[in-house]
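Thanks for coming. Let me walk you through one structure. Please take a look at it first.

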Amino acid sequence: MHFIPASQRPLQFHTQLCQCITMLSSSSSGAENTYSKLCSAVLLPRYNTPAAHMDLWSVPHTREKGWYLSLMAPNDKGPNYAWLDPSRLYCHQQALQDCIEDLLQPFRDDFIDLVAGIDAMGFILGAAIANYLGKGFLAIRKSGHLCVKTHSQPYVDYSGREKVMEVRTDAIKPGLRILLVDQWIETGGTMQAAIKLVEQEGGVVAGVAAICIEDSEGGLQVKAQYKCSDCVPEHLRIQFNSHYLHSFEAFPSQQENHEE
Ligand SMILES: O=P(O)(O)OC[C@H]1O[C@H](OP(=O)(O)OP(=O)(O)O)[C@H](O)[C@@H]1O
Ligand SMILES: Nc1ncnc2[nH]cnc12
């Protein structure tokens, strides 16, 4: 049986546990029946079932690089959105921690002065990484938010829309070694804009980290020019480049689409 440690038990778990205790104390049915109800309500599914792979409360026994990628949710809203939502994995404490450690593995012997995260979802991983490393965090923002002097850089991202990225003028000094972090690199347009903002100020891009750096033209350019890190094991890379993960099949919405 696989019990979750107390620190990882959600409120729902405790509610179910209370219901089960009430049920146990009042039940006149057979002990076996009660025991199986208790198991299905309280104990987690084993990690080799599809349900367990997307479960936000179970942890596999072996946590190989990228195990948590199956927690990411498929796009349910169509072509105006990114093809998946990686942020679901941040809901899982162990997944978030392992993701950060996997991303930092290639940089463990490198010197980093500052971590920069890209608006908006890059702030989550970027700030978590800065905290892990004991470094400061620089927010690289989409235009229209920073109320101080900024440098700006236009770019086009996966949506095909023209956007502008900004950074404050008083943080980057020549020679400062900056680790750039974003949630994802699809076309590479966003990261290339952030790189320009850092380098125009004389900053040094110490590395680039994202959950996935796709093998798009722009993604490959970034990988060729900078030390990069992502969480995708090589055997899964083909799924990421084709924008469909087998793990999506465990999500109820995908099963509904399949049945329609
Ligand atoms: O490689 P690209 O094609 O440029 O795309 C990557 C960017 O797009 C996503 O952010 P998005 O602007 O969708 O929004 P969010 O971070 O605010 O969710 C992602 O987090 C990257 O920042
Ligand atoms: N957050 C994201 N997830 C998946 N694909 C993306 N493409 C750009 N941003 C993305």
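First, the ground rules. This is a predicted model, where local features need pLDDT of at least 70, side-chain atom pairs count only at pLDDT 80 or more, and totals for chains, interfaces and linings use all residues. Residues are numbered from 1 along each chain as its sequence is written, chains are lettered from A and ligands numbered from 1 in the order in which they are written, and side-chain values use heavy atoms, with hydrogens and water left out.

Start with ligand 1. Which residues come nearest to ligand 1? Of the 16 around it, they are Tyr 158, Asp 182, Glu 186, Thr 187 and Thr 190. "Around" means a heavy atom of the residue lies within 4 Å of the molecule. By class, this shell holds 5 nonpolar, 5 polar and 6 charged residues. Here Ala, Val, Leu, Ile, Met, Phe, Trp, Tyr, Cys and Pro count as nonpolar, Asp, Glu, Lys and Arg as charged, and the others, Gly among them, as polar. Two elements, β8 (184–185) and α6 (189–200), each give the shell at least two residues. Helices (H or I, at least four residues) and strands (E, at least two) are DSSP runs, numbered from the N terminus.

Now the atom pairs. A polar side-chain atom of Tyr 158 is 2.6 Å from an oxygen of ligand 1. Backbone atoms take part too: a polar one of Ala 120 lies 3.2 Å from a ligand 1 oxygen, and an N or O of Met 121 lies 3.1 Å from one. On its own, ligand 1 has 500 Å² of accessible area, and the protein covers 85% of that. Those areas come from the Shrake-Rupley method with a 1.4 Å probe; for residues, only the protein chains shown count as cover.

On to ligand 2. A side-chain N or O atom of Glu 186 is 2.5 Å from a nitrogen of ligand 2. For Trp 83, a side-chain N or O atom is 3.4 Å from a ligand 2 nitrogen. Trp 184 has a polar side-chain atom 3.4 Å from a ligand 2 nitrogen. Alone, ligand 2 exposes 260 Å², of which the protein buries 88%.

Next, the record. An unreviewed UniProt entry annotates residues 92–230 as "domain: Phosphoribosyltransferase". Such annotations may be inferred rather than shown by experiment. Over that stretch, the chain is 32% helix and 31% strand, with the end C-alpha atoms 18 Å apart.

Last, the backbone. Most residues other than glycine have a negative phi, and most peptide bonds are trans. Is the bond from Asp 119 to Ala 120 cis or trans? The bond is cis, with omega near -5°. Ala 120 sits in the loop between β3 (114–118) and α5 (122–133). His 243 has a positive phi, near 60°. His 243 lies in the loop between α8 (237–241) and α9 (252–259).

Conventions: A polar contact is a pair of N or O atoms within 3.5 Å; within protein, one must be able to donate a hydrogen and the other to accept it, and residues adjacent in sequence count only if both atoms are side-chain atoms.
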